Amino acid sequence: MANFFPRWSNLLPLKIAVCAGAAVGGIALAFSYYATPKTLVAGYQPTQPIPFSHKIHVDQIGLDCRYCHSFVDVSGHSNVPTGNTCWNCHQHVQRESPKLAPLHRSLDKSYPGYDGKPIEWVRVHKAPDYVYFNHSAHLNRGISCQSCHGRIDQMEVVYQVESHSMGWCLECHRAPEKNLRPLEEVFNLKYDAQQYIDQHPGEMTELGVKTTEDLGLKLKAQFNVNPKMSCSTCHR
Amino acid sequence: MASTTQNAPATTPEIKLPVLQREKLILNQRSYHWITDRICSVVENKQPLLWWLLFIPSALMALIGVVGGLTYLVSTGVGVWGMTNRVFWGWDITNFVFWIGIGHAGTLISAVLFLTRQNWRTSINRAAEAMTIFAVCCAGIFPAFHVGRVWFAWFLAPVPNANGIWQNFKSPLLWDVFAVSTYFTASVIFWYLGMVPDLATIRDRCKPGLRKLLYGIFSLGWRGGNRQWSHYEMAYLLLASLSTPLVLSVHSVVSFDFATSVVPGWHTTIFPPYFVAGAIFGGFAMVLTIMIPARYIYGLQDMITMKHIDNMAKIILLTGTIVGYAYLMELFVAFYSGAIYEMSAFKYRLAGPHWWAYAAMMSCNVLSPQIFWFKWCRENLWVVMIVAMFVNAGMWFERFVIIVTTLERMFLPGDWKTYSPSGVEMMIFVGTIGMFLALFLLFLRFLPCINIAEVKWTLLESDPHFDDKEHHPDHGIVASAAYQHEVATSYGNAADAK
Amino acid sequence: MSTTRKRVYGYLAEFKSASALYKAAEQIRDAGFRKWDCYSPYPIHGLDSAMGLKRSILPWFVFCGGITGTATAFTLAYTTQVVIYPTVVQGKPANLFTTAAFFPVMFELTILFSVLTVLFGVLALMQLPRLNHPLFASRQFQRVTDDGFFIAIEARDPKFSPSGTKDLLGEIGGANIELVEEED
Amino acid sequence: MSKRILHHPEKPSDASTIAWRSQGQLEDTPSFREWLEREFPQGAAEMADESECETSRRSFLKLMGASTALAGFGMMACRRPESYIVPYTHAPEWVIPGKATYYASSMPRSGGATPLVVTTFEGRPTKLAPNEIHPDNEGTDAIAQASVLDLYSPSRSRAILKSGKKAKRADLDQVIAGLATNKAAKVGFLFGADDSPTRNRLRAKLASKFSAAKFYQYEALTGDASVAVGDGVKLGVDFAKADIILSLDCDFTCLDSQGPVSAFYDRRKPEGRDYSQKPDQSKMNRLYMVEAAYSLTGGMADHRLRVSVSEIPAIAAQIAKELGASVPGGLPAVTEEKQLKWIKGLADDLKSKRGKSAVVAGSRQPAAVHHLALAINQALGNLGGNGPVTAYQTENTGLGTLASLKADIDGGVIDTLLVLTPSNPVYDAPADLDFASSYAKLATSIHLGGRTDATAFASTWHIPAAHYLESWSDARTSRGVYTIVQPMILPLYPDCVSDLELMVALLTDDGKFLNGEGNSGAASPAYDEVRATFEGIGGKGEAPWKKLLRDGFVADSGYKTTTPKASASVAKDFAAVAGFAAPTIDSLDVVFATDASILDGRYIDNGWLQEAPDPISKLSWDNAALIAPKTAKALGIYDEVIALEPVSPYTGMKNAPRSPDNEAQKRTARMIRVEVNGKTLELPMLIAFGQAENTVVISLGYGQGFDDEDELKRGPKNAAHVGLVGVNRGFNAYPLRTSASSYFAKGAKVTNLEGKRYSVALVQEHNSMYGRALAREISTMTDDKKGDFSAQLAGVSKQGVDAHAEKPISLYQSKDRKGQPLLSDPLHQWAMAIDLSACSGCNACLVACQAENNIPIVGKRQVAMGREMHWIRMDRYFAAQDDPKADADNPAMVPQPVACMQCEKAPCETVCPVNATVHSEDGLNAMAYNRCIGTRYCANNCPYKARRFNFFDYNKRNPLIANNLYKGPFGEKQVGAAPHLQKNPNVTVRMRGVMEKCTYCVQRIKDAVIRQKATTKEQVLEAGKPSPEVKIANQSLRVPVDSFKVACQEACSAGAISFGNQKDGAASRMNRAKASDRNYQLLNYIGTIPRTSYLARVKNPNPAMPDAPFIGKATIDMV
């Protein structure tokens, strides 16, 4: 009569437990990192029908955001420029560039392939239907485009910088001072808080602002910014 | 164990231990081996035809009712049930509370009766615990699938998430989630741990093969050494003492679902004890419903004796009376409140559109157990079985009355509408009955349905001092049930005499 | 099997009843053995003291587990409900006074953690699962889960001697004394 | 981590493989692409093949401004499906993507147009609101609110039909051209009863072009009051001036407009319109009502005489006699003591208010009653001068009736008819007229209609009509103010034509028929005509025109007043009613009533109106015969008299049992056979409280089309006449009518069809308050026990349980960790007050809410179960007095709209396990749909049952197809069906399995708050300093007092709902209302502290009246 189970089976349960524990823990960790908007959403960089470069238009030419996104500080929705906004310049500038073929198709009646159809830009930033983010509510209160969209002015091809998850929104709603800036600087993507303080020494001393943190807190107090965290702020 | 009686003989030396003829828990002077053989044969032998006759329809019921019903429900919407914008809960939560109530007897029998040294429990606790677990499985189906978006049920779990949002710890429903899942976990552990030595018994009787492999794995290599028994006994005691408050808390928390609301007829402070008593009541009835046929089918009459049945009938009588008291108290409190909303809630229960449900509840739960005052009723298995069936039905009606009749006639007459269940709802309930039976039959088939080790322990000869207790009175370890019984009785008598 | 080297595990002896086992245990205890154990189909009360075993330390584990459960539940509830994201729910306070509402969850998690500690604690103390054991090689030992009462004294015990131990077992009423060997 | 560059998947050559997705995502279909080509409203034409065109609620945003098209689920993009932003090619003026644009317009109607402000998102109208600057603004009713849905109705007529079959436009053009060139054509025009200046001008031009042209006017149920007052003359009442109003069966607040009613409601409030004065009963008006069946106006009445329609002429005559007006003899005398006393009291009261009272007669009453009403008004000096009653001369003169049209057809006077009326004469003309057979004799009949109804199929040509939101026109309101009707969008379907366009085509020399964009993108020809008309009224030039377009009306352009002149037939009119005797059980009266939902049947395909319960009977999706309880017993339909609060025969308790006909989805109605005018109709009957005995009331307009799904297997199977909404709905009572008895018929017999039943969907099944002081009432008259008016006012909050319940106290304070109050917003705390004194229960709020908040309809079966989704439940209670002297058969009727109360201590919130419903800082009970998992616990714990659960995917699966909801994934989808274009882009469309409820139109609140916040920038610019130096004051972030309205409040013509900010103090109307003693909280004793409170209804009885002690006592004695 011998043992039914071999001796090596004695350590097997422990080994299995350790391995299973490690595997479950690992999966949980991996999931909590990879299956979040931070990794799934941020970094999305689709190819656009026209390789529009924000770097050229904003950084080099110096266009204001609102030249194209003209209603961003008026409406909840930030509009993408209409075809004729592009055409205003490009009927004169770079008219023959092959990259602009879709624009010609949509607006240039003399173009052979003209069909008048609007350009289909690929959406980069997408809030779910039940989220009612309002651009004007943020831009008019000292939150810059940059806080959510990053240095668009440095992007050849636009990609999503932040996760735009609810937790990420709440972070700023809890502590808006980290992102507040003077209203004049909202559309200035090159803004640097320290530089601003240095450039406005008189006013800043008057307001008692020394550091960038001071500036944020001061702006929060001055603008009376009290972001809400209740559901109906964004969900209706 | 039993430290309270350790020095008892020393302090009352003149008490001569009376020689009372105790009622034996195991009849006919059975040997250890007979017990082992008898119980293991249920697992080892071919199942009787009756098993198959019961199992196949049960499994089909479960398949069609639960699997089919839930698939339809989830793919189509909760609208396939009969709930409306007036009565938002119907059979779903009724069934949940019904099953979770049944799921109370098992742990209660094991834990509370263990702590109170009711050794008669040993024959029935295993089956009752299994019943608990299967009933909780059935119960769990309803709250999980009654939600509108079951695929988002994970919102109930407090895990960190990208949305930065958490649960509402003030909600009785969240308490429910914690209570029911804890209860399920604790019950499974209690059940399994209690089964380990018995699995080892079967293991040792198996020929090498798949069965031996499986029983071997699940018996964890149990050797029955006293160094193991020592920890094992402590673990069992701990589990029993943890499960006792747990079992009381679970149904209290379930009753909070109702008691913490503002709904007249729900908003009642007596709900927790009332629900717990009701759960024990219903649970014992279900144990009887299952054990009476099972002891016949497997010939376990010597282990599940008339004494067990008598005791359970008495508990049903007691808890049934408590429940009846609660029913009457509810009426009185509503009347005494002076608030028309409270009074009418009970008026409409009594005489409103579902008066028959109230009548069924009253007669099944309060009136029918009263016949257990008569000894012959407790001794007649047919009577016991019928009463147990009545109680099962009555407890279902109790939950139906509480949930449905209340919601049908709440505060504003403008929103009053009656509820009627849909076929899908009924089908799923029938399916859970099938699932319960099928799981129970599988349990009988594969696992020792009676706690072999504990039953052996209750035999007189299991006491190490059985044959020489006069020589070892100072050891004070009162081991055998018989011995303990005698001591307790004699002390009781002595105290009475003073 | 025959070619494998074997190591002596110890002696196994059978006793006829619980009380015989009990008495034998007292004697082995008094003889000063350490590495030995009594085997029985059910727990025999008093055997712990007869063997000179201490009370199990499992309750202390469980106490710690339970406290951890309470603390976990309170921390979870308090931080999420009061600190991180307080919500306005039926005008109920979002401060320390809210604790009353956390009691059910605190209670349940206390129990849950305790129960899990019991399970894992007892397995650790019993050194289970251990599927392979030298004693399982003994044919008669199979009856330990049925109606056999055994004592095994291990060779590891300093007082163990191949002949003396066997005699001792015989003296105290052991039958079917068997040398149990362990595969190496 | 390197950026992953994801490539736009190669577009398949076949673009149709790219499809829009479900809710909130658009699928790219061919029609979508064509749509994009045309941009902006021009997309309309592409709606033709709707099945392909799936759209969603946010489609405005995405389709037009920044549309997204989803390229399938290209797995190239493993993280998320690629979606597109499709901007305009050429930006249209004024359109800001994501912001609503508002236009003034109006809805033409027979009683006078309803001035409106239309909300459009990227060109699509989604919501209608009253035009509050309009002098004739009287709010909106349910029908006006629901009319926007007709625009998107899936069953809307969209194709030209020739003899019922699809036809080509070119063929129709030929017919029109042929007609236009034939100046001698024997053509007739049949108009509706609305008044359009341009149409009338074109009519005159048509009359001069076509020498043989004839013009007629017909609407089924407008009645003919003009016999008493003269051709084209109508009486209007200025309710502001009327201290006492006597209504002779005139539902002037709802279905029988006699002039703007806002002023009437203002005087129902003792504190005045804006709650700005101390309660003063002398400023209140008093309403006497004589009617057979409860109307909403009857529910408002201080004194209501329940009398059969047959007796009304005699009663009116008796009143006239008492007031000294001359009454021709021949009418039976009123003999009943109670009635005489009532009339005496009334007459005395009227005499005391000479020149300050108004008598109105129901427009469909016999001419004699109109003569009498006019006589009484004249005798009291109410007419003309400064009196409340004015006679107006409208421009709808010289029009023939339907009878004369028939005669002309039969006589060959006309052989071509253009049917431009919104009614459906083939279906709804009186049976004895047999209009259909004459209609069939016409050589050419051209029907212009929005539905393919019976007339459309009976005509040689049917042209789909453009909706009023798609066409240029103009209209006059009840007092004749010139009001514009301007299009918001081009017709959704290219063949849709407006009546003006059709008339213009006939006026051109060659009959060139243009519609929509007209000729190559120019404006519709109707535009030029409207503008030409306007120049004659509002002046030439751009400025007045622009002002008209902006304001919607021309000031001081009302009708001219005139003197009523009765037609010569007075004697005949009186003779017609001379033989009227009170009905008996063997010879019942049958009243043919206008339906509160579908009017004369024209709205049968409007799902919102069908699902809105009848305000009196609470029946939805059907009509039924209404019979008083005692009559029902006498007829043998019921064995017992059905009681308001039934008492159990066994226990003697009021045990709220099921009705004898069961409840909820098992509820049926007993079928009866009504025999009258030689015709029979089998239909279900319902018990109606407060209705005259021996009277059967049947509302009209139902039973237009059936298919195989019909419960009673009725025929003919003319399902094409209606859409999915209207098919199999109700019972057609039109065949019972004759010309002489188009309002009511006498001598009817009712047989109980033993055992035959029909399932009915009743939204409310228990009709009384069961001893609970819910909808509270007080009276201005001193009560023996409760004291005078001021004492009763003070007692409002102590009625019912509140009289003895302890004030609920809380152990806890609502504070956060830092000791701050939880409702922390110092600027805004929103609240609402609902004034039951002004609320008539008309459903306007209910439908407005449905439109604003994307509330789906669920269909009859679901409503019967109790699964309707309306966020506002209009409870209606009858309250009878126990006193033996009170008339138990004439109980008071009190409505009570119940929506989410936004309780400060909301029981729903605490029970939600996932925090899906919590309070916002500004006091709203917010509902995060996407967090909801659907445990429904919140709804169970809501004492007001104000929450609604999406048991099915009502938005995705069409609930109107039989059993469709129950087919789950196999059910037919309706994503992208046209009604989805109506959805409000600012409100989430809820999916199945989530709870929803009123949130005080949080989207409007947030819009207002954000608009206010945006002023930060203005303040900085004004300050002229760098922004960090500018201090933004708290006050400047507060939304201006009462600067926006929520949807229900906006719609309410009675001003019964006040909404505002508690932090605004008495400046806000809402706070003033709440400061009234009449203010009370529903179910106060539970301690929920609801933010919505009610103001008790005040009845202003005349103490001299016999029934005065029982008026305003619905709840006053409850404890």
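This is a predicted model: local features need pLDDT of at least 70, side-chain atom pairs count only at pLDDT 80 or more; totals for chains, interfaces and linings use all residues.

Student: What makes B:Arg409 and D:Glu663 a salt bridge?

Tutor: The side chains of B:Arg409 and D:Glu663 meet at 3.0 Å, N to O. The cut-off is 4 Å between a side-chain nitrogen of Lys or Arg and a carboxyl oxygen of Asp or Glu, so the pair qualifies. Across the interface of chain D and chain B the rule finds five salt bridges.

Student: Which elements of chain D give two or more residues to the side that touches chain B?

Tutor: They are α24 (860-865), β32 (873-879), α25 (907-911), α26 (937-940) and β36 (948-949) of chain D. The most comes from α25(D), with four residues. By residue type, this side of chain D divides into 42 nonpolar, 18 polar and 18 charged.

Student: How many residues are in contact between chain D and chain B, and how much area do the two chains bury?

Tutor: The contact involves 78 residues of chain D and 68 residues of chain B. Between them the two chains bury about 6000 Å², of which 55% lies on carbon and sulfur atoms. The interface also holds 54 residue pairs in polar contact, with both residues at pLDDT 80 or more.

Student: Why is accessible area quoted for an interface?

Tutor: The size of an interface is often given as the accessible area lost when the parts come together. For chain B and chain C that value is about 6000 Å², with 68% of it on carbon and sulfur atoms. Here 62 residues of chain B and 69 residues of chain C take part in the contact. B:Lys170, B:Arg223 and B:Arg227 supply 14% of the area that chain B buries against chain C, more than any other three residues.

Student: How many salt bridges and how many polar contacts does the rule find across the interface of chain B and chain C?

Tutor: The rule finds zero salt bridges there, while 24 residue pairs are in polar contact, both residues being at pLDDT 80 or more. The elements of chain B that give two or more residues to this side are α2 (32-44), α7 (172-205), α8 (210-218), α9 (226-259) and α17 (452-457). The largest share, 17 residues, comes from α9(B). The residues of this side of chain B comprise 31 nonpolar, 21 polar and ten charged.

Student: Are D:Glu711 and D:Lys860 buried or partly exposed?

Tutor: D:Glu711 has a relative accessibility of 39%, which lies between 20% and 50%, so D:Glu711 counts as partly exposed. D:Lys860 stands at 12%, under the 20% cut-off, and therefore counts as buried.

Student: How do you know that D:Asp710 and D:Arg714 are buried?

Tutor: The relative accessible area is 2% for D:Asp710, and for D:Arg714 the relative accessibility is 15%.

Student: Why is D:Asn853 called buried, and which residues does D:Asn853 touch?

Tutor: The relative accessible area of D:Asn853 is 2%, under the 20% limit, so D:Asn853 is called buried. D:Asn853 is found in the loop between α23 (844-852) and α24 of chain D. Leaving aside residues up to four places away in sequence, D:Asn853 touches D:Trp871, D:Val987, D:Arg990, D:Cys1001 and D:Gln1003.

Notes
Residues are numbered from 1 along each chain as its sequence is written. Chains are lettered from A and ligands numbered from 1 in the order in which they are written. Side-chain values use heavy atoms; hydrogens and water are left out. Contact means heavy atoms within 4.5 Å. Buried area is the accessible area (1.4 Å probe) that two parts lose on being put together, summed over both. A polar contact is a pair of N or O atoms within 3.5 Å; within protein, one must be able to donate a hydrogen and the other to accept it, and residues adjacent in sequence count only if both atoms are side-chain atoms. Ala, Val, Leu, Ile, Met, Phe, Trp, Tyr, Cys and Pro count as nonpolar, Asp, Glu, Lys and Arg as charged, and the others, Gly among them, as polar. Buried means under 20% relative accessible area, exposed over 50%, partly exposed in between (1.4 Å probe, protein chains only).
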